[in-house]
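Please read the following report alongside the sequence and the three-dimensional view.

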Amino acid sequence: MLFQSLIERKRDGAALTADEWRTALADHLQDRVPDYQMAALLMSVVWQGLSPEELTALTLAMRDSGSILDWPPSVPPRVDKHSTGGVGDKVSLVLAPLVASCGIAVPMMSGRGLGHTGGTTDKLEAIPGFRTDLSLEEVRAQVERVGVAMFGPSERIAPADRRLYALRDVTGTVPSIPLIAASIMSKKLAEGLNGLVLDVKTGRGGFMQDPERALELARTMVELGVGNGCRTTALVTAMDRPLGRAIGNALEVEEALLALQGRGPEDLTLITRALAVEMLLLAGTEADRSVARRQVSEALSSGRALDKFRELIAAQGGNPGIVDDPGLLPQAAEVELFEAPVKGVVAAVDPLPLGRAVVAMGGGRRQLGDAIDHTVGFVVSARPGAKVLKDEPIASVFARDAAGITLGLAALREAIRIGPAQPLLPLISHRVTISGTETLS
Ligand code: URA
């Protein structure tokens, strides 16, 4: 196969065959195709898109480039969740133990921080001792024993996507709905799941800022999941403001603990519960939505979900003592209050400068392999729509030094706007299933 002719055909809008996609990926993974040629092919996809058949072929070729988790019949139905990423999105920390405490197996594979968005594995690693680099054998054994495992991307899962993603990251080929859908779904389909819920975020703090594109991504991924044997539902949720109050790794773990105790911020609680209900329904053990809702409430109010989090932390080498004493989490050296500059109404809390500031303050990576400081971040108590007085404390910055505090205060000045109210996106706007799209707001 002459790779150059594949590029030319894709560039001119033709559809490549499943065999061509499979060979292209295998040859790239084994260095028989150089990065520059693969980058040209990817850029052609950005412009020309993929036919539904090509999308399936690309996704399955990525999935099959590595291992696929298989599960013994004794393991209950397995359901995972994937979020397209946002600022302050600590939902997975609450959701995984919550759903596992309802008797569903949760093998949750999560990513690291990407750009201005935080990653679940980084947050978990704020817990002293917590290991996210589990082997697939460890994942399987822990899910059988504890019902839940939370682990980072494995080199054995969809390695072709790993190679392509690194290339896309530096060649301007990330923002393509078919490429994003294939990348996410290839990894999820390799987990051997019965069900998957997708949290597709829209708004300035997400990667799909435009709600219409977020919906299109949701529909594309739902079709890919269902078409390949995994029951899949998506919720489209708001990321035009941070989720919850805490932003930054250790601070978000602390807020997740509050949510597991039923004392979390309302938006975090509502989204987590909604996703948990979908996961119970996808598992197939419960068909009635109101019964699923009651099960989720009971798991939280009885303390079972919190106990499961303790068990999960201990199983992965972390200190479960943080559950009862969050003071055992790493603490920032410097903390400073941010006060409202004028009296008025909070019109907006822009997640983008806050997410970027966490990275700049050391809480995220600028380059692959950078060590991160888990302590830095923000707690923003002012929510859009709240009335504030001049000089009222409305946020805090957590930093490792005075320079970090200065950066953080500047980000808060940029992010928090006091003035005429602006419309907010609905917290949960759509539910997308294979049968169609339901508007929820
Ligand atoms: N996350 C992924 O795993 N892949 C993408 O392409 C984008 C976000």
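The buried residues of α1 pack against α2, α3 and α4 (52–63), where contact means heavy atoms within 4.5 Å. Helices here are DSSP runs of H or I with at least four residues and strands are DSSP runs of E with at least two, both numbered from the N terminus. The buried residues of helix α1 (residues 3–11) are F3, L6, I7 and K10. They cover an arc of only 100° around the axis, which puts them on the same side of α1; the arc is that of the directions from the helix axis to the C-beta atoms. An α-helix has 3.6 residues a turn, so residues three or four places apart point the same way. Buried stands for a relative accessible area under 20%, exposed for one over 50%, and partly exposed for values in between, with a 1.4 Å probe and protein chains only. After α1 comes G13, whose phi is positive, near 95°.

This is a predicted model, in which local features need pLDDT of at least 70 and side-chain atom pairs count only at pLDDT 80 or more, while totals for chains, interfaces and linings use all residues. Residues are numbered from 1 along each chain as its sequence is written, and side-chain values use heavy atoms, with hydrogens and water left out.

**Packing of α5 and its surroundings**

Helix α5 (residues 91–100) packs with helix α14 (residues 304–315) at an angle of about 105°, and their axes are 8 Å apart. Axes are lines fitted to C-alpha atoms, for helices over the stretch in contact, and angles run from 0 to 180 degrees between N-to-C directions. The two helices α5 and α14 are therefore roughly perpendicular to each other, on a scale where angles under 35 degrees count as roughly parallel, over 145 as roughly antiparallel, 65 to 115 as roughly perpendicular and the rest as oblique. On the α5 side the contact involves L93, P97, L98 and A100, which meet A305, K308 and F309 in α14. The residues of this contact divide into six nonpolar, no polar and one charged; Ala, Val, Leu, Ile, Met, Phe, Trp, Tyr, Cys and Pro count as nonpolar, Asp, Glu, Lys and Arg as charged, and the others, Gly among them, as polar.

S92 also has its place in helix α5, and S92 is buried, with a relative accessible area of 6%. Leaving aside neighbours within four places in sequence, S92 is in contact with K81, P97, M108, T120 and M150. K81 lies in strand β1 (residues 79–83) and is buried, with a relative accessible area of 4%. Not counting residues up to four places away in sequence, K81 touches a set of residues including D89, S92, K188, D199 and M279. K81 and E278 are 197 residues apart in sequence, yet 9.8 Å apart in space, C-alpha to C-alpha.

**Two open sheets**

Three strands form an open sheet in the order β10-β8-β12, with antiparallel pairing, where two strands pair if DSSP finds at least two bridges between them. The edge strands are β10 and β12, each of which pairs on one side only. Helix α16 (residues 402–415) lies across β8 and β12, running at about 45° to β12.

A second open sheet, of four strands, has the order β6-β9-β11-β7, again with antiparallel pairing. In this sheet β6 (246–247) and β7 (334–339) stand at the edges, each with a single partner strand, so one side of each is left without a neighbour in the sheet. Helix α15 (residues 351–363) lies across β6, β9 and β11 (393–399), running at about 145° to β9.

| Strand pair | Bridges | Sense |
|---|---|---|
| β8 (residues 344–349) and β10 (residues 387–388) | two bridges | antiparallel |
| β8 and β12 (residues 416–418) | three bridges | antiparallel |
| β6 and β9 (residues 377–380) | two bridges | antiparallel |

Within these pairs, G344 stands opposite V388 in β10, the bridge partner of V345 in β10 is K387, A348 stands opposite R417 in β12, and A246 stands opposite V379 in β9.

Most residues other than glycine have a negative phi, and most peptide bonds are trans. D31, in the loop between α2 (18–29) and α3 (35–48), has a phi near 65° and is exposed, with a relative accessible area of 60%. A158, in the loop between β3 (148–151) and α8 (159–169), has a positive phi of about 45°, but A158 is buried, with a relative accessible area of 1%.
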